[in-house]
Amino acid sequence: MAGLYLHIPFCKRVCAYCDFFKEVGTRRMGPLIEAMHREMESRRDYLGQEAVRTRYFGGGTPSLCPSDVLKGLLDHAAELFDCSQVEETTLEANPDDLTPEYLEALRRAGIDRLSIGIQSFDDACLRLMNRRHTAAQAEEAVRNARKAGFENITVDLIFGVPGFGGDSLRRSIDRTLELGVEHISAYHLTIEPGTAFGRRMERGEFAPVDETVSETEYALVHERLTSAGYEHYEVSNFARPGFRARHNSAYWHGVKYLGIGPAAHSFDGRERHWNASSVDRYLAGEAPEAEILTDRDRFNEYVMTRMRTAEGIDLGQAEVLFGPDRTARMRHEAEGWIRAGILRIEGTQMAIPAERMLVSDAVIEELFET
């Protein structure tokens, strides 16, 4: 099985934390969509005989795209690839785009899962992040999606925002739970260079929360969501039983995927490819860059993706895939983390307990083969 990712880079405004590739305004939507159709045609053999299992519109803000344009891309993909076994078709959306009429049209276009970027139910926090919706609009968007028949909705939240932990974060979590969505992604704010927050930090006007606050807020998110029946199955992801994000889960398990659009990445099982992070260069037809993964690259990627999940690494599978020497070295490097209680081994599974996964990057770095 394989995944298909389609990147719509346009936004109405730039969020203060965002370092994804995007372009403000939609004036080049038409030429961009035409180029995406051409790219799909040119890469129709990329996935070989793999059937497409998941389709995902990311961005940017894909909900700025008219529903007929989205449908056109999905219909064209179905002509080029085997989409007869598709299980999930996701659209990332801003709450204020999700009118009742648009939601009905999305359903007709073939979208069956919405990923709604709410981030917070605190209006002051939303203004700080330069979001273009209010808490009331966010709640209305989810309720309208339910009325339109969507039965698989995920909400994005951000924690670790200076000044908006404690009661503010609790209220955001509780309002999300009241909406009864199937999936919640809760991300710790990262202040990236080149973003509005990054520039403010350079001027000494903004600073990240300290490590203690990070751990406290992560524990709060974990406890409240797991107590409400959500499975904490990846560092930042929580799902009702049966509602894990299938597209993103495929990335973490090395499944082939094809990325269409500027800045989109692809993986064919052996090589990684990525398109130019520029609408101009993409429209000009610039070929994707490529990287052939070495055995060490593949091993490190296996460690990085698996150790961010609740299941962790199957040591038996790792030995089959990468050999006994690599697996023994990794097992040796893990000893200190095991003694500290941050890594656990049950049978052949080595994993970080979900409540401690905030430190996964430190564990992963030590297990890497350098």
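Y251, Y257 and F267 form a single aromatic cluster. The model is predicted, so local features are reported only at pLDDT of at least 70 and side-chain atom pairs only at pLDDT 80 or more, while totals for chains, interfaces and linings use all residues. Residues are numbered from 1 along each chain as its sequence is written, and side-chain values use heavy atoms, without hydrogens and water.

Across the whole structure, 8 aromatic pairs were found; rings of Phe, Tyr and Trp (its six-membered ring) pair if their centres lie within 6.5 Å, and planes under 30 degrees apart count as stacked, over 60 as edge-to-face and the rest as tilted. One of these pairs is Y233 with W252, tilted at 55° with 6.0 Å between the centres. Y233 belongs to strand 9 (residues 231-234) and W252 to helix 9 (residues 246-252), so the pair ties together parts 19 residues apart in sequence. Helices (H or I, at least four residues) and strands (E, at least two) are DSSP runs, numbered from the N terminus. Y233 is buried, with a relative accessible area of 1%, and W252 is also buried, at 13%; buried means under 20% relative accessible area, exposed over 50% and partly exposed in between (1.4 Å probe, protein chains only).

Just after helix 6, G180 has a positive phi of about 70°.
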